[in-house]
Amino acid sequence: MAAPALANKNTFSDAAANPKSTNVNDSDSKCTAEDVSYMDHVAELVEREIGGDLKSLRKVSGLLETLTAENKLLEEQVLTVSSSVPLRVSAALSAAEGSRATMETLLHRERVLSNTLQQHLQGSQSWADSLGQILGQLDTLERHMKYLQCLAHIEDLSASIQQFLMTNSVWEAIGAVGSMANLDMGLKESGCSHLQAFLRETLLFWHKILKDKLTSDFEEVLTQLHWPAVSPPTQTLSPPANAQELSSQLKLLVSQLLSLQTSDDLISEMTDVRPFPGLLQAPPLSIPIQIMLLPLSKRFRYHFTGNRQTNSLSKPEWYLTQVLMWMGHNSSFMEEKIQPILNRAGANVDAKVELCRGLLSLAQEKLAHDAPRLLYDDALFCHLVDEVLQFEKELRTTHAYPSSYPGALHILLEEAVFQKWLSVERKMALEKVDAMLSTEGAWSCQYRDITDVDELKAPDCAETFMTLLLVITERYRSLPCPQAQLSFLALQRELVDDFRIRLTQVMKEESRQPLGARYCAVLNAANYISTVLSDWSDNVFFLQLQQTAVSVGEEVLGPLGATESGRLASLEGSLFEELLALLERLRGDMLGRLWEAVMRDVKEKAQLYCRDRWISLPSQCDQATMSLSSSACPFLLCLRDHLLQLQQLLCLPLFQMFWQGLAERLDLFLYQDVILYNHFNEGGAAQLQFDMTRNLFPLFGHYCKRPENFFKHVKEACIILNLKAGPALLLCDVLKQQEGPEEGDASLRPQPPTPESALNEMAVYRLAPSDAQILLNLRSAWLSR
């Protein structure tokens, strides 16, 4: 019990030693809480050490000694700590004083050094300024020296070129000109505009002299080799006597001219000016090809510029054909004479292609000049476009001009010219459509007498219209710009929609006579256009356009929704999907009108058949032979005539759709208006089955092997009506059991067949059990039941 007392004593002593940490207001509550805590601790200790056994009281003395020893140890530790704290605090204060003194010393030294450095910098500023002026002067002198050295180098190169030309050292002169060209390229970023201008003037001067000299020699050699061939050779020319010497000179001159290519390209960059905005920038031709083209260029400009009669805006084929002829006449010379020299010189140049490119540039320049002058004359503009397209085709196929090089079509893609082309195509197409629809034979078929050829039976107007679209496709297929191709595709879609509207108008005019030849021709036209557009949707060219339309099509075809873009990108949809849907709607509407017209006639002729006395007809055993009901003849003849007529007027796919739809409607009509409307005795049911299976079904047997499959209601109704008495009673019982099962223990009786399985055993699959019950009730034998 000494430990708690000591603890209380220590607690009160600590509170007395630190009065500031004690709050007067809650001191009583704290003391009460601490007393309770100590009491609990003492009670727990006594319970743990002594417990409820009185014999354990002997442990009290030992417990007291233990607690006394622990208390003494704690007091010694407190005294030790209390004595060591002041020593540590004094040591820390001493260390802090030393650090402060050291810091003050360092700060004093820093101020002294800073003042000294500032005085030194102020004293050396004048020296630094003087030294900077001297270095600037030295830099200026150095740049002047380099400038003069470069100028001297240019003078030396110029003098050496002059010396080489005087001694006829052409290769050395070419090397010096090349060095001068390399120096010019090195001075591009220098900013020495006057020096560079002087260098370029010098380079241009010597390059021209050297090129003129080599050009003169080269032209002389070409003349002796009969270049150029401006007309097809009538006979093989004998080789000149000095053919070997001319060949050597040709090789030497071509190689020397090729060595001047770097400086020539540099000069071309400085002096190149595009005379017409429609011309694309192309890499310059090699110098030998340029020289070889000079006589052809002179001839071209002589004949096709100025006031010459050959320079006619209405005859673009004259200069286009002339260019193609020159390509053909001179290609063999380029391949046999020039190409081997270019290969040995390591020039990556195709001589024939370069010749075509040079001649093509003449045609491009002429086209770029003439095309804007024809924008206000539709006839001449159309003629120009036709000739350019033909020229482009000939250029790419016959002369194998690479597709990576621009051709003549690029001139037609200039904005003003291209928009004119589109407007003229639209105008001409609409005029042709108006003209062909106004002809007498617009709705007749030119192959109507050849059944093997004309399965679609397309009228002339539809076939001519799709041919027109195909021609437009061929015209823009080779355009190098996908956006331009999409513009023409948009025009085609517009024309198809316009023609569909025209077909709709004609259909409405002919809707009073839907069985007429013209109405059927309109239906054939809609089906033909839909078929062709479906084939185009799977064409590689239109599939490529479809992918292009996903990325850039909104600029031409208008905004595309996310769903439409996704379908186009995944190739689920097509560029003609919307048009195909509209044409399908028109075709369905027209077929519906056909079915209505035929069914109207058939129903009118079948009125007597519907009101026939089926309940009083003689049985089959009372007749020698079964024959067709007299009341069925009118509507069957009407049906036969319509089928034969429409088979001749409609194409095969449409007629297949027509007769199948007609059979479906006729099946429902006979089932509802004849069978369900009447009662039948045994003879009436047999007569109905005979009329259907031996007369109606064979009418459609010409178009399929099992026509009864298209009359399932009638066929199955005849089966039920003609059941013998026993099977009919059994079927009736099965149907009644399904309606209301008898009371009793159903588990003891065998399960009867379901009505569906019973009907299936009789080959009845379409009719429901309720329908079978109705049919059984129509039998005269059941009238009394």
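Tutor: Let us begin with the cysteines. A disulfide is a pair of cysteine sulfur atoms within 2.5 Å. The closest cysteine sulfur to that of Cys192 is in Cys150, 7.8 Å away, which is too far for a bond. Please note that this is a predicted model, in which local features need pLDDT of at least 70 and side-chain atom pairs count only at pLDDT 80 or more, while totals for chains, interfaces and linings use all residues. Residues are numbered from 1 along each chain as its sequence is written, and side-chain values use heavy atoms, with hydrogens and water left out.

Student: How many disulfides are found in the whole structure?

Tutor: The search finds zero disulfides.

Student: Is Cys651 buried or exposed?

Tutor: Buried means under 20% relative accessible area, exposed means over 50%, and partly exposed lies in between (1.4 Å probe, protein chains only). Cys651 has 0% relative accessibility and is therefore buried. Cys192, at 27%, is partly exposed. Leu204 has a relative accessible area of 39%, so Leu204 is partly exposed as well.

Student: Where is Leu204 placed?

Tutor: Helices are DSSP runs of H or I with at least four residues, numbered from the N terminus. Leu204 lies in helix 5, residues 193–224. Its C-alpha atom is separated by 8.8 Å from that of Asp264, 60 residues apart along the chain.

Student: At roughly what angle do helix 15 and helix 20 cross?

Tutor: Axes are lines fitted to C-alpha atoms over the stretch in contact, and angles run from 0 to 180 degrees between N-to-C directions. The axes of helix 15 (residues 482–510) and helix 20 (residues 577–605) come within 10 Å and cross at roughly 10 degrees. Helix 15 is therefore roughly parallel to helix 20, since angles under 35 degrees count as roughly parallel, over 145 as roughly antiparallel, 65 to 115 as roughly perpendicular and the rest as oblique. By class, their contact (heavy atoms within 4.5 Å) has eight nonpolar, one polar and five charged residues. Ala, Val, Leu, Ile, Met, Phe, Trp, Tyr, Cys and Pro count as nonpolar, Asp, Glu, Lys and Arg as charged, and the others, Gly among them, as polar.

Student: Which residues of helix 25 and helix 28 meet?

Tutor: The axes of helix 25 (residues 712–721) and helix 28 (residues 769–777) come within 9 Å and cross at roughly 50 degrees, so helix 25 is oblique to helix 28. Ala717, Ile720 and Leu721 in helix 25 meet Ala772, Leu775 and Leu776 in helix 28. That contact has six nonpolar, no polar and no charged residues.

Definitions and conventions:
Helices (H or I, at least four residues) and strands (E, at least two) are DSSP runs, numbered from the N terminus.
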